[in-house]
Amino acid sequence: MKAAPFAVTPEDVRSAAARLRGIAHRTPVATSRTLDARTGARVFLKCENLQRMGAFKFRGAYNRISRLDEAAKRGGVVAFSSGNHAQGVALAARLLGAPATIVMPHDAPAAKVAATRGYGAEVVFYDRAAMNRAELAAGIARERGATLVPPYDDPDVIAGQGTAALELLEEVPDLDILVAPVGGGGLLSGSAIAATALRPGIEIYGVEPAAGDDFARSLAAGERIEIPVPQTIADGQQTTSPGELTFPIVRALCRGIVTVSDDELRAAMRFAFERLKLVIEPSGAAALAALMHGKIAARDKRAGIVISGGNVDAARYAEILTMPAGPA
C-alpha cells in the first residue's frame, strides 16, 4: 500500500487491523437477491451493526485507546458523542483498564445512554442547542488529567474505522463502488484511505441526511462550513461540520456526497428488517437508502455498502418505522 499525503496512511489502517485482530468482530458480509434485483447492482453489505457494542465506532475507539501508555490509561479517557462513539469508547476503555467519562446530549437515545453506563463509563449530559460539546469534554479532560478521544478527527480513530472497509475489500476485492454513511467523516475517510489503496479507481461515496448536509455544502464551497444542529431521525449524523482531518481526505478521494431523506432512511430500515432480517439504526441505513433510492449510479456494478450500526431501542425502532411519510 502506498502512503498518502493525509493524516492517515494505508499502513496506519493495516496496523489498526492488527491491533483489532481477535478483539473486534470481523463482521459478516450479507447479500440479497431481492436487493440486487431492485438496484440492478450486485450488492455486498458490511454488517457493522453486528460489531461489538453494535457499531463500527468500537474499531476507532479501541485503536486509539490501545495506543496510550499505561500512565495515560490510568488517567482515563474522555469522549463526546450522541451514542455510538460513547459506547465504543466505554467498552474499549473497560477492556483496556482505563476509566471513561462520556459527554452526551441530554436528548441522546435512552438505549445508548444505558449501554454507555453499562460498560462502566460516567455520563455527563449537556444541551446540544446551547453548549459546545467538544469544549466541555476538553475542559473535563484537562481538569482530570485524562486523554480526549475525539469521535472522528483523530488519526488513530480514522485508521481504526478504515478497517471495516479493509475487511470488506479483502473479502470482496473486485468492488466497483463503496458507499458509507458520513457524519464527521471518520468512517468515510478511513474507508477511502483503505479502499483506494486496495482497489485503485474504486468509486467512493458518502451519504448524509438531507437535513444535515454539512459535508455536501462544504465540498461545494471548497471549505469546511458549519450548519445548525440538523433535525433528523439519524441521531448519529447530527454533526454540524466536517472534521479538520477528515475533510481533505474525503475531498480528494471520494467521488461525492449524496443525501437521503428521513422517509428514505425509514424505507431502508424497513427493507433491512423485512428482507434481510437485520435491525439497523437510521444512521446505519444511510448508505443502503442511497442505493435503494437511486442516489448513486450502481446498475451493473458491484457495490459495497457499510451498514454502520444497529443501536436503536425497540420502542424507538417501532416508532420510526410507523411514522407517517413527510411532505413530498
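Two exercises on a predicted model follow, each with a worked solution.

Residues are numbered from 1 along each chain as its sequence is written. Because the model is predicted, local features need pLDDT of at least 70 and side-chain atom pairs count only at pLDDT 80 or more, while totals for chains, interfaces and linings use all residues; side-chain values use heavy atoms, without hydrogens and water.

**Exercise 1.** Determine how helix H3 and helix H8 pack.

*Solution.*
Step 1. Two packed helices are described by the angle between their axes and the distance between the axes.
Step 2. Helices are DSSP runs (H or I, at least four residues), numbered from the N terminus. Helix H3 covers residues 57-66 and helix H8 residues 155-171.
Step 3. Axes are lines fitted to C-alpha atoms over the stretch in contact, and angles run from 0 to 180 degrees between N-to-C directions. The angle between H3 and H8 is about 135°, with the axes 7 Å apart.
Step 4. Angles under 35 degrees count as roughly parallel, over 145 as roughly antiparallel, 65 to 115 as roughly perpendicular and the rest as oblique. H3 and H8 are therefore oblique to each other.

**Exercise 2.** Identify the residues through which H3 and H8 meet, and classify them.

*Solution.*
Step 1. Contact means heavy atoms within 4.5 Å. In H3, Lys57, Arg59, Gly60, Asn63 and Arg64 take part. Their partners in H8 include Asp156, Gln161 and Glu167.
Step 2. Ala, Val, Leu, Ile, Met, Phe, Trp, Tyr, Cys and Pro count as nonpolar, Asp, Glu, Lys and Arg as charged, and the others, Gly among them, as polar. The contact of H3 with H8 thus has three nonpolar, five polar and five charged residues.

Key. Helices (H or I, at least four residues) and strands (E, at least two) are DSSP runs, numbered from the N terminus.
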